Amino acid sequence: MDPSMGVNSVTISVEGMTCISCVQTIEQQIGKVNGVHHIKVSLEEKSATIIYDPKLQTPKTLRDAIDDMGFDAILYNPNPVP
Amino acid sequence: MPKHEFSVDMTCEGCADAVSRVLNKLGGVEFSIDLPNKKVCIESEHSSDTLLATLNKTGKAVSYLGPK
């Protein structure tokens with residue numbers, strides 16, 4: 001990712017999703033968050049990959065947003081190498 | 001404690017678990033979840049608005065059915 005473009009990506013491990021509707025709910029909710037460009041949630045890998053604007057969000061705030069929805073969210077690359 | 005009944009569009013165990021987690025985070029609530037009927041019955045001193053806002057966090061369609 002090119003930081004000058006104002007985008008970064010993070011993969012967050014999400015526990016507690018059991019069906020496609022959980023996936024869609026997370027995609028819809030987090031997709032609405034300011035500074036989130038794109039989100040892809042994988043049910044098989046139990047993870048969410050988010051492309052976001054680092055000026056508006058951090059991996060921590062995104063994790064908290066998922067956590068707030070009632071899912072166990074864990075950052076497994078808290079300091080991603082660009 | 002007052003009892004409130006809500007309709008929450010839950011489709012699976014995961015959805016119901018998510019609802020439990022947000023309610024537990026709020027605290028001060030006793031609740032039961034009826035997954036087949038998509039209903040959540042909450043006993044709490046919190047106002048129905050607070051409970052509704054909490055349930056809305058899950059991103060599911062929520063409506064207040066009234067006191068019970």
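This is a predicted model: local features need pLDDT of at least 70, side-chain atom pairs count only at pLDDT 80 or more; totals for chains, interfaces and linings use all residues.
Local features were considered at pLDDT of at least 70 and side-chain atom pairs only at pLDDT 80 or more, whereas totals for chains, interfaces and linings use all residues. Residues are numbered from 1 along each chain as its sequence is written, chains are lettered from A in the order in which they are written, and side-chain values use heavy atoms, with hydrogens and water left out.

E1(B) is joined to strand E3 (residues 39–44) of chain B by five bridges, and B:Ser7 stands opposite B:Lys39 in E3(B).

A search over all chains finds one aromatic pair, a term for rings of Phe, Tyr and Trp (its six-membered ring) whose centres lie within 6.5 Å, with planes under 30 degrees apart counted as stacked, over 60 as edge-to-face and the rest as tilted. The pair, B:Phe6 and B:Tyr64, is tilted, at 5.0 Å centre to centre and 40° between the planes. Because B:Phe6 lies in strand E1 (residues 3–8) of chain B and B:Tyr64 in strand E4 (residues 62–67) of chain B, the pair ties together parts that are 58 residues apart in sequence. B:Phe6 counts as buried at 0% relative accessibility, while B:Tyr64, at 33%, counts as partly exposed (buried means under 20% relative accessible area, exposed over 50%, partly exposed in between, with a 1.4 Å probe and protein chains only).

Terms used
Helices (H or I, at least four residues) and strands (E, at least two) are DSSP runs, numbered from the N terminus. Two strands pair if DSSP finds at least two bridges between them.
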